[in-house]
Amino acid sequence: MDQTDVVSALSVREETILEACGDPPLPEMGVIEQVWETDSISDDDVRKRAAEAAAALPLDSVPKGGEIALGVGSRGIANLPTIVAGVVDAVSEAGYEPFVFPAMGSHGGATGEGQREMLEELGVTEEAIGCEIRSSMEVVEVGRTPERDVPVVADANAAAADGIVPINRIKPHTDFDGVVESGLSKMLVIGMGKQRGAKIAHDWAVDWSLREMIPEITEQLLAELPVVGGVAIVEDQHDDTSILEGVPPSGFLDREAELLETAYEIMPKIPFEEVDVVVFDRQGKDISGQGMDTNVIGRRPFAINEPEPERPRIKRIYVRGLTETTHGNAMGVGSADVIHEDIVAELDAPTTLINALTASTIRGVRLPPVVETDRAGLVAALSTIGVVDTDTVRVLRASDTMRLHRLVASKALVEEARSRDDLRVVTEPSPIEFEDGAFVDASAYGDAHDSRNTAHE
């Protein structure tokens with residue numbers, strides 16, 4: 001059975017959904033915009049500021065002329081090639097030999113070539129950054145934790161270098177809450193550990209939470225390896241670079257915790273605590289480790305020994321597709337209630353399962369009900385939340401969980417937005433238009449967002 005046959009077998013036709021649900025009326029939808037005050041670093045200054053952040057690290061602890069390994073991950077970080085190039089500039093000008101290694105756990109299909117390709121698709125090529133990329137899944141054991149005797153492993157290329165500098169964004173993690181979450185420390189423990197290290201960490205997280213494990217193993221890695229610091233990135237609500245800071249080894253836990261608080265304060269969020277249905281145009285690993293950011297959707301149904309976020313409370317989530325950059329990795333699709341058949345058509349089952357096995361979250365890749373069209377998806381979601389009044393039902397649509405500046409909103413939410421200083425109405429509600437069952441709204445989000453028809457180009 002090929003992929004087309006699988007889609008055909010799983011997808012429920014629109015007419016079947018409409019017959020079952022009675023072809024109910026749908027709410028009118030307008031467009032609202034969140035009002036954010038931001039202070040991003042200009043594009044012209046990013047490379048210089050990244051170089052300054054790297055130059056502030058204690059590079060002189062590395063022997064002159066020594067090699068410094070720069071860890072770069074697989075996330076869709078704004079200005080990533082420019083930031084890495086700036087760090088390369090600073091390291092080279094200080095008299096050292098930089099090289100980049102992928103610090104992304106099992107991503108890229110858990111192969112060295114796959115991880116190199118992921119960097120290249122993010123724009124991190126040898127030509128763009130000005131140094132060599134060494135990509136391998138080989139790791140070395142650098143120690144064992146004192147109480148639990150857990151092996152601590154690291155990328156072999158990085159471990160053999162004279163210095164190590166991870167470059168990563170500080171942000172809330174999708175699977176747990178802790179003093180440090182997604183950032184420099186996690187990149188050392190899980191990203192630099194490659195597939196083996198990531199698997200070890202997530203296996204042990206079942207009994208030993210990541211919130212406790214990451215700080216302890218970070219301290220051990222700092223003691224065993226020549227980590228000279230990291231370059232921390234914080235992004236604002238528009239996913240623009242807001243902070244670039246060199247963090248010395250002594251700040252990997254304390255300063256990182258402070259930057260995490262800032263990241264929490266300015267991360268984009270759904271601006272309502274109660275929503276009946278949310279439609280996301282796409283999910284993917286470049287958007288969040290779980291495809292959709294669990295902090296945004298208020299769902300963490302497959303995390304290990306971790307409570308779900310308290311808000312927002314969303315009754316149903318319908319997801320329409322995968323990003324191109326995720327390469328069919330549908331990790332986290334289990335958070336949705338309904339999905340479009342395009343997700344099944346684009347899904348790479350081996351890559352998705354490897355990611356889920358490594359993270360010990362196989363429930364996260366359970367496939368929700370599959371529908372043929374957007375009309376079918378919206379009707380299916382609305383038909384399972386109780387009696388629906390089109391004037392009061394609370395429906396939102398967003399490009400993804402990273403891009404929440406402009407939102408398509410039902411009449412009730414548009415009316416609420418009129419009374420709030422943090423929201424403004426862009427377009428008045430009007431009937432939803434479909435063409436062959438697909439949403440017709442090429443300009444719904446404005447220039448900064450993709451429509452369904454361009455999301456995969």
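In the predicted model, Asn79 is situated in the loop that connects strand 3 (67–72) with helix 4 (80–93); helices (H or I, at least four residues) and strands (E, at least two) are DSSP runs numbered from the N terminus. Although Asn79 is not a glycine, its phi is positive, at about 60°. Asn79 is classed as partly exposed because its relative accessibility is 25%, where buried means under 20% relative accessible area, exposed over 50% and partly exposed in between (1.4 Å probe, protein chains only).

A positive phi, near 45°, is also found at Asp23, a residue other than glycine. Asp23 belongs to the loop between helix 2 (14–21) and strand 2 (29–34). With a relative accessibility of 49%, Asp23 therefore counts as partly exposed.

Glu113, Glu117, Glu120, Glu121, Glu127 and Glu324 form a negative surface patch. Patches consist of residues with over 30% relative accessible area and no salt bridge, like charges being joined within 9 Å; a salt bridge is a side-chain nitrogen of Lys or Arg within 4 Å of a carboxyl oxygen of Asp or Glu. Helix 5 (residues 112–121) contributes the most to this patch, with 4 residues. Glu324, in turn, is placed in the loop between strand 12 (313–319) and strand 13 (338–340), and is partly exposed because its relative accessibility is 47%.

Residues are numbered from 1 along each chain as its sequence is written, and side-chain values use heavy atoms, with hydrogens and water left out. As the model is predicted, local features need pLDDT of at least 70 and side-chain atom pairs count only at pLDDT 80 or more, whereas totals for chains, interfaces and linings use all residues.

Methods
Patch = residues over 30% accessible without salt bridge, like charges linked within 9 Å, V, L, I, M, F, W, Y side chains within 5 Å. Areas by Shrake-Rupley, 256 points an atom, 1.4 Å probe, with all protein chains shown as cover. Lys, Arg positive; Asp, Glu negative; His and termini not counted. Charge placed at Lys NZ, Arg CZ, Asp CG, Glu CD.
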